[in-house]
Amino acid sequence: MFPHERSLVKRLESAPFALIGVNSDVDKNLIKEKNEAAQITWRSFWNGPKGTKGPISQDFRVQGWPTLYLIDHEGVIRHRFLGSPGGEVLDKAIDALVAKARK
């Protein structure tokens with residue numbers, strides 16, 4: 001999903017949009033290296049030493065990776081996808097939320 005995420009960040013750079021990742025790698029020391037190699041420029045939080053069982057994924061009740069949450073400008077979760085819904089579906093949902101935030 002990284003290529004699509006990079007395109008979203010670029011396309012929506014002046015829009016009311018933020019992409020935030022959660023990294024479930026157990027080895028925190030490798031995260032920066034992996035993020036640089038994958039050209040991840042957006043904020044990515046570490047889920048802790050328990051990996052996929054860490055506190056962020058537990059709080060959000062993540063049942064599989066990737067899980068995507070689309071949160072609107074008021075902080076309300078509007079969509080939850082378990083696995084990638086595909087770029088077209090994701091873009092349509094994000095564009096609708098961005099349009100509402102601009103009003």
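Is Arg11 buried, exposed or partly exposed? Arg11 is partly exposed, with a relative accessible area of 44%; here buried means under 20% relative accessible area, exposed over 50%, and partly exposed in between, with a 1.4 Å probe and protein chains only. The model is a predicted one, in which local features need pLDDT of at least 70, side-chain atom pairs count only at pLDDT 80 or more, and totals for chains, interfaces and linings use all residues. Residues are numbered from 1 along each chain as its sequence is written, and side-chain values use heavy atoms, with hydrogens and water left out.

The overall fold provides the setting. The protein chain has 4 helices and 4 strands, where helices (H or I, at least four residues) and strands (E, at least two) are DSSP runs numbered from the N terminus. Along the sequence these elements follow the pattern α-β-α-β-α-β-β-α. The radius of gyration of the protein chain is 14 Å, close to the 13 Å that the globule rule gives for 103 residues, so the chain is as compact as a globular protein of that length; the radius is taken over C-alpha atoms, and the rule is 2.2 Å times the number of residues to the power 0.38. The C-alpha trace spans about 40 × 30 × 25 Å along its principal axes. Of the 103 residues, 28% are buried.

The interior comes next. In soluble globular proteins, nonpolar side chains tend to be buried together. The largest nonpolar core has 11 residues, among them Leu8, Leu12, Ala15, Phe81 and Val98; such a core is a set of buried Ala, Val, Leu, Ile, Met, Phe, Trp, Tyr and Cys residues joined through side-chain atoms within 4.5 Å. Two or more residues of this core come from each of β3 (67-71) and α4, and α4 gives the most, with 5 residues. Ala15 touches Val98 and Arg102, not counting residues up to four places away in sequence; contact means heavy atoms within 4.5 Å.

The structure holds 4 salt bridges, each being a side-chain nitrogen of Lys or Arg within 4 Å of a carboxyl oxygen of Asp or Glu. One of them joins the side chains of Asp91 and Arg11 at 3.8 Å, N to O. Asp91 lies in helix α4 (residues 87-102) and Arg11 in helix α1 (residues 2-11), so this pair ties together parts that are 80 residues apart in sequence. Arg11 also meets Asp95 in a salt bridge, at 3.0 Å, N to O. This second pair likewise links distant parts of the chain, with Arg11 in helix α1 and Asp95 in helix α4, 84 residues apart. Asp91 is partly exposed at 21%, and Asp95 is partly exposed at 32% relative accessibility. A further salt bridge pairs Asp72 with Arg78 at 2.7 Å, N to O. Here Asp72 is buried, at 10%, whereas Arg78 is partly exposed, at 44%. Through shared partners, salt bridges join Arg11, Asp91 and Asp95 into one network.

Two further sites complete the account. Asn23 lies in strand β1 (residues 21-23) and is buried, with a relative accessible area of 10%. Beyond its neighbours within four places in sequence, Asn23 is in contact with Ile31, Asn35, Ser44, Phe45, Trp46 and Asn47.
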